[in-house]
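Okay, thanks everyone for coming. I've got one structure to walk you through today, so let me put it up on the screen.

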Amino acid sequence: MTTHTSPAATTSLSSGSPKIAFIGAGSVVFTQGLLADLLAFPELQGAHIALHDIDAERLATAHGAARYIADQRAGSGGSRVRVTAHAERRAALQDADFVINIVQVGMRAATRTDFEIPARYGLRQTIGDTLGVGGIFRALRTFPLLRSLGEDIAEVCPDAWLLNYTNPMAMNVQYLTRATGLTRVVGLCHSVYWTVHDLAQLLQVPHEEVVYRAAGVNHQAWILSLEHEGNDLYPRLDALIADDPQLRRRVRVDMYRRLGYYPTETSEHSSEYVPWYLHHAEEVERLRLPVGAYLDIVDENIAAYEHTRDALAQGAPLTVEGTMEYAPQIIHSITTGTPRTVYGNVPNHGLIDNLPASGTVEVPCLVDALGVQPTRVGALPAQCAALNRTYLSMNDLVVRAALEDDPRSIRQAAMTDPATAAALPVERIWDLCDDMVRAHADLLQPSLRATLGH
């Protein structure tokens with residue numbers, strides 16, 4: 001097995017004392033989960049947690065929640081964690097060893113726009129954060145933030161690892177590495193972990209005993225092998241699917257039956273990355289696709305934030321639960337030298353042979369004191385690589401639009417997107433892009449605010 005590493009990747013930290021900057025810490029529920037994971041490691045209980053957000057109320061809530069979690073995790077010895085809150089980003093980044101990016105540019109209002117305008121054109125979306133018109137414009141309004149964040153990191157903490165959770169993951173990582181030149185960038189997502197976890201439950205085998213390998217692109221990677229005690233679990237999965245008609249009413253199961261490899265994202269996500277489902281009302285019904293589901297998720301996240309804010313104000317206890325996210329595991333491994341494998345989104349520098357070199361791929365990564373070291377997978381099954389190439393071609397056009405100040409590439413990306421192309425004629429795609437540009441203009445870089453007509 002060969003590895004691809006960044007130059008001078010060794011990180012030297014005194015055990016337990018890294019500085020970890022949270023950018024977008026006002027995403028309080030996610031921040032809470034990450035902190036619960038981080039501070040569950042005794043070796044990290046001397047860390048400095050630096051929180052940044054541009055929303056003062058959310059920053060204060062995140063600060064209060066972080067202090068509460070630090071006290072809860074400290075046990076009888078008392079908390080050694082230092083928690084600071086910063087309205088100014090560079091102060092949070094100063095001397096950071098790790099930067100966790102969880103920013104959502106535009107928040108609920110922008111997300112509603114991502115759904116409501118395409119819906120007027122008859123375009124169905126479920127999550128809208130990875131591909132499709134929603135993914136395109138989420139990326140375009142995030143790129144200016146990523147460029148300025150990358151520039152700050154290069155100046156004030158150039159040796160830090162940037163751990164990105166902000167979607168659209170693959171586009172953001174591609175843009176970050178191209179626009180800023182940073183090399184210590186890893187995109188993190190829980191989809192591989194939870195796919196295998198849920199398959200283990202379905203197959204009634206202990207998750208910790210399952211041996212697996214996955215690769216592809218974020219939200220459309222593939223379980224290439226799945227074994228328990230040396231036995232292939234795919235035949236057991238086939239038998240379960242054959243016996244259960246309800247299982248066959250899931251998009252990812254339908255894709256698995258036809259492609260031969262199980263995809264690593266939920267059915268509502270997976271339906272958006274191919275042309276076969278959302279455009280057809282009968283398929284939406286057959287596969288029980290929740291059109292517009294992400295809007296409900298956004299409202300639930302706001303309600304969870306408000307619950308945390310109000311609980312802190314009243315002195316009520318908070319629920320402190322771990323999330324099994326990769327960022328805390330990476331930080332622990334680099335800080336302590338403990339080796340482990342995670343799945344990361346990184347530039348495809350020879351990692352997957354039959355995907356574009358310019359794209360961002362999701363592969364197993366060894367993590368230890370040397371940093372995050374992606375492993376070479378080789379070639380994907382041809383049918384899986386074919387879908388991934390379409391995905392990455394669309395990504396490339398969106399990144400090109402921003403890097404080359406080319407508004408035509410936005411429309412060409414939408415034309416290339418499988419679900420959009422299946423639903424709309426080309427003139428309507430251009431009209432839709434014009435409407436989206438108008439709606440998001442204040443969040444886009446100036447060169448991309450042009451409307452082009454047909």
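So, how many salt bridges does the count come to? A salt bridge here is a side-chain nitrogen of Lys or Arg within 4 Å of a carboxyl oxygen of Asp or Glu. By that rule, we get 17.

Before I pick some out, a word on what you're looking at. It's a predicted model, where local features need pLDDT of at least 70, side-chain atom pairs count only at pLDDT 80 or more, and totals for chains, interfaces and linings use all residues. Residues are numbered from 1 along each chain as its sequence is written, and side-chain values use heavy atoms, with hydrogens and water left out.

pLDDT is the predictor's confidence in each residue, from 0 to 100. The chain average is 93, and 95% of the residues score at least 70. Residues 1-12 are another story: pLDDT stays under 50 there. For that stretch the model has 26 contacts beyond four places in sequence, a contact being heavy atoms within 4.5 Å.

Back to the salt bridges. Arg-112 and Asp-299 pair up through their side chains, at 3.2 Å from N to O. Arg-112 sits in helix H4 (residues 107-120) and Asp-299 in helix H12 (residues 293-314), so this pair ties together parts 187 residues apart in sequence. Helices, by the way, are DSSP runs of H or I, at least four residues, and they're numbered from the N terminus, as are strands (E, at least two). Arg-112 is partly exposed at 27% relative accessible area, and Asp-299 is partly exposed too, at 28%. The cut-offs are under 20% for buried, over 50% for exposed, and partly exposed in between, with a 1.4 Å probe and protein chains only.

Next up, Arg-286 and Glu-283, with a salt bridge at 2.8 Å, N to O. They're three residues apart in helix H11 (residues 281-286), about one helical turn. Here Arg-286 is partly exposed at 29%, while Glu-283 counts as buried at 17%.

Then there's Asp-310 with Arg-309, whose closest N and O atoms are 3.0 Å apart. And salt bridges with shared partners link Arg-89, Arg-90, Asp-152 and Glu-155 into one network.

Last stop, helix H15, residues 407-416. Its buried residues include Pro-407, Ile-410 and Ala-414. What covers the buried residues of H15? Helices H5, H14, H16 and H17 are among the elements that do. At the N-terminal end, Asp-406 caps H15, with a side-chain oxygen 3.0 Å from the backbone nitrogen of Arg-408.

How values were computed: A polar contact is a pair of N or O atoms within 3.5 Å; within protein, one must be able to donate a hydrogen and the other to accept it, and residues adjacent in sequence count only if both atoms are side-chain atoms.
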